[in-house]
Amino acid sequence: MQTPWASLAVLAQLATSAVSADADAWKSRNIYFALTDRIARSSSDTGGSACSDLSNYCGGTFQGLQSKLDYIAGMGFDAIWITPVVTNSDGGYHGYWASDLYSINSNYGTADDLKALVSAAHDKGIYVMVDVVANHVGPIALSDHQPTPLDQDSSYHSECTIDYSNQTSVENCWIANLPDLDTQSSDIRSLYQTWIAWLVSEYDFDGVRIDTVKHVEPDYWPDFSAAAGVYTIGEVFDGDPNYVAPYASLMSGLLNYPMYYPMNAFYQQTGSSQSLVDMYNQISSLFPDPTALGSFADNHDNPRWLNTKNDLSLFKNALAYVILGRGIPIVYYGTEQAYSGGADPANREDLWRSSFSTSSEMYQAIAKLSAAKKSAGGLAADDQTHLYVDNTAYAFSREEGKLVVLTTNSGLGSTGNYCFNTQVANGSWNNTFGTGTFTSDSSGNVCISVSNGEPVVLLAS
């Protein structure tokens with residue numbers, strides 16, 4: 001695949017100088033990804049029957065989401081990523097079909113409701129990241145788009161079908177038949193920079209998630225990211241680290257798709273722990289700052305984890321890697337209720353069908369993992385050490401051994417005893433995910449027993 005990376009060094013300098021301080025503030029955060037239409041319908045929503053049509057609006061609102069901030073914080077999350085907030089064309093329940101950049105999607109509520117949500121989150125110490133799209137707009141007549149000149153044909157590329165083997169086609173053709181903005185136009189660039197600066201300022205957002213980054217020419221992004229003025233994390237939907245890495249210099253961070261594939265392969269019993277470690281090391285050498293990348297096990301664009309592998313013990317191990325490994329963890333809403341929907345829109349279930357249970361097995365598991373992250377100081381550094389790489393196990397440490405995590409992929413009902421070197425002599429740790437205390441000998445060796453295939457999370461005592 002051809003990749004146009006003209007004057008990348010200059011672009012990188014532009015992007016990182018503007019937002020590096022904000023990226024640092026995000027590195028110890030723990031993000032809950034909320035699809036606004038699917039969380040809660042009102043401030044008094046205590047649960048109800050499942051939405052009957054997941055391909056359209058289900059009724060979630062800003063007020064509903066605000067009422068669930070304590071539910072979210074109860075799992076240890078101190079940041080939320082919400083789907084796009086602008087007015088969409090009909091059927092755009094997900095938010096990715098913008099029709100008016102300067103008005104708020106009335107299906108979710110009012111501009112004041114959105115401000116109240118962000119304010120309430122901030123009062124609880126929770127950051128809010130807004131999702132935005134700069135590659136395309138919603139599927140309505142171009143003349144109906146706002147603001148001007150988005151209502152003019154000249155603001156868009158000519159319609160064509162994407163050839164994914166040709167990068168120019170990836171950037172200029174129409175994804176899913178959606179009008180593709182002429183992002184090479186200085187007018188369009190200026191319009192979107194002005195808009196993103198306004199959006200972040202007007203609603204006091206702390207971060208910006210950027211959709212479909214690889215579908216726009218690279219030199220578009222540094223100025224857009226700088227205009228946002230906060231941490232920006234981009235979606236480059238590709239598992240090849242050599243393809244993804246150059247984009248990491250254009251904004252604060254990226255979703256870690258290169259790690260998503262081998263990580264899930266190991267914990268879903270189709271790949272090796274060595275492949276996970278190899279990718280980790282490759283990312284270390286290719287990316288400017290791996291700690292600014294977002295780690296995830298699934299999301300709204302991929303089938304839910306449990307749809308691929310229906311084993312809660314294995315899923316807990318994958319989440320232990322996501323939440324306690326290097327990078328900024330992102331957990332998709334509904335994970336805490338063991339949702340298992342398949343491809344979009346089945347993976348976008350409403351949350352109210354769960355009655356917002358805080359006693360569910362996965363809610364409690366996430367809370368334990370998040371507590372360990374917090375107790376270990378937030379885990380912002382690039383300090384993950386591979387301790388043990390085995391056919392059915394992977395162990396790592398953070399904070400020079402203050403945290404030791406043993407994950408396995410044998411699954412529900414499995415037991416085992418794993419001995420390895422912690423690189424901490426005469427250490428002592430408490431298992432915060434289960435029970436018991438473990439100590440290492442004078443050489444740093446420890447033996448850890450695994451029950452029911454669950455991860456072991458050791459915090460220095």
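In which loop is P345 found? P345 is in the loop between β10 (328-332) and α13 (361-375); helices (H or I, at least four residues) and strands (E, at least two) are DSSP runs numbered from the N terminus.

## Basis of the model

This is a predicted model, in which local features need pLDDT of at least 70 and side-chain atom pairs count only at pLDDT 80 or more, while totals for chains, interfaces and linings use all residues. Residues are numbered from 1 along each chain as its sequence is written, and side-chain values use heavy atoms, with hydrogens and water left out.

## Backbone features

Most residues other than glycine have a negative phi, and most peptide bonds are trans. The bond from D344 to P345 is cis, with omega near 10 degrees. Another cis peptide bond joins T148 and P149, with omega about 10 degrees. P149 lies in the loop between β5 (127-132) and α5 (167-172).

D204, a residue other than glycine, has a positive phi near 60 degrees. D204 sits in the loop between α6 and β6 (207-210).

## Largest pocket

The largest pocket has a volume of about 540 Å³. Of its 22 lining residues, I175, A176, D301, D344 and R348 are the closest to its centre. The lining has eight nonpolar, seven polar and seven charged residues (Ala, Val, Leu, Ile, Met, Phe, Trp, Tyr, Cys and Pro count as nonpolar, Asp, Glu, Lys and Arg as charged, and the others, Gly among them, as polar).

On a 1 Å grid over the protein atoms alone, a pocket is an open set of points with protein on both sides within 12 Å along at least five of seven lines, and lining residues have an atom within 4 Å of a point. Grid points are joined across faces, edges and corners, and the volume is the space filled by probe spheres set on the points, with a 1.4 Å probe.

## Helix pairs

The axes of α6 (residues 186-203) and α7 (residues 221-228) come within 7 Å and cross at roughly 25 degrees (axes are lines fitted to C-alpha atoms over the stretch in contact, and angles run from 0 to 180 degrees between N-to-C directions). α6 and α7 are therefore roughly parallel (angles under 35 degrees). Y192, Q193, I196, A197 and V200 in α6 meet D223, F224, A227 and A228 in α7, contact meaning heavy atoms within 4.5 Å. This contact has seven nonpolar, one polar and one charged residues.

The axes of α12 (residues 312-324) and α13 come within 10 Å and cross at roughly 25 degrees. That makes α12 roughly parallel to α13.

Definitions and conventions:
Parallel < 35°, antiparallel > 145°, perpendicular 65-115°, else oblique.
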